[in-house]
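Subject: Structure handover

Hello,

I am passing a structure on to you. Please open it and keep it beside this note.

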Amino acid sequence: MTGTATAEQVPTQQTAVYSSPAGRGRVYAMDSAYHVDPVNRGRDICVNSSYCGVLPARFIAEAAPRGAIGMDCGIGPEGSAIAGLWYLEALDIPAAVADVLSARLGDGVHLYHNGVISFCNQPAADCGVRAGMPVATAARMMLENDPTPAAADEITNRTVMHTAADGRCVIATDSIAFATPVDRARNVLVTAGHTGRSAVPYLRRASPWGFICSDGGRGMDDSGMAGLAIVEADGLAGATVDARRARMGSGLSHYHDGVISAANALAAARGVEIGMGCPEAALLLLARPDES
């Protein structure tokens, strides 16, 4: 269905708060995720003042709107209050949540006018949504932009975090599998997978100047970081961050939130220490031997 819904089509539980000048649909505010309706399918952004767990996400997914914004409700144990973001991501539906302290629960119009985004999924990020953005702005970005179609191995989130005077970089990306030839013997990679035995072929193939990955929660017999010692023989300086502190699968979280949990001898020789923040450790790994 295309165009703008008529007043008769729109459920009474929904309030139109914005209409696309390009005719792409509307933003509707509603007090509950259960008020998302099939009339919104593929067209509207549904700003609903519910938590965004898997259960409400199922109801949203059945109606399949263009996008949805809920509330983070304090996130909760195991991220239960926002787990629906990734449920919807798997269905290519842009979704975000607002900080529960920024707007009133159960009041969709208040959420639209006052809410501040705290988390979003990848399709929403592809539309331009970012944490700290007003909900009204995020909803309009979802309405006016489409997520970028991409295969799983194309969504690398590769971000340059620091560039040295000689042009070498600290780069955050979501997996060591996303290393490129330019990284070889040149850049420091901060990636978000574990450093177990199965990571070793990827580390050897990438052969970066240095790397920081996750310890994967350490695992039985420290298997989650066994690769540190294995690739030391290849001359690769590397460290891990504590998986309890940084989100696996997010290179940016590893860079910003990571705390070093282990380092091989080559990384230690460059000054990397357990307990050090990831940005500091990455800069130490980036330095050349003749640099102070």
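Below is what I found on its salt bridges.

First, a caution: this is a predicted model. The count comes to 9 salt bridges. Side chains of opposite charge can pair when their charged atoms come close.

Start with R66 and D146. Their side chains meet in a salt bridge, at 3.3 Å from N to O. This pair links distant parts of the chain, 80 residues apart. R66 sits in the loop between α1 (54-63) and β4 (67-71). D146 sits in the loop between α5 (135-144) and β7 (159-163). R66 has 18% relative accessibility, so it counts as buried under the 20% cut-off. D146 is partly exposed, at 45%. The pair also belongs to a network: salt bridges link R24, R66 and D146.

Next, D234 and R204. Their side chains form a salt bridge at 2.9 Å, N to O. Here too, distant parts of the chain are linked, 30 residues apart. D234 lies in the loop between α7 (227-232) and β11 (237-241). R204 lies in helix α6 (residues 200-206). Both are partly exposed: D234 has a relative accessible area of 40%, and R204 is at 41%.

Last, R168 and D166. How far apart are the closest N and O atoms of this salt bridge? They are 2.8 Å apart. R168 is buried, with a relative accessible area of 1%. D166 is partly exposed, at 39%.

Best wishes

Terms used:
Residues numbered from 1 in each chain as written. Predicted model: local features only at pLDDT ≥ 70, side-chain atom pairs only at ≥ 80, totals over all residues. Heavy atoms only, no water. Salt bridge = Lys/Arg side-chain N within 4 Å of Asp/Glu carboxyl O. Helix = DSSP H or I, 4+ residues; strand = E, 2+ residues; numbered from the N terminus. Buried < 20%, exposed > 50% of the residue type's maximum accessible area, 1.4 Å probe, protein only.
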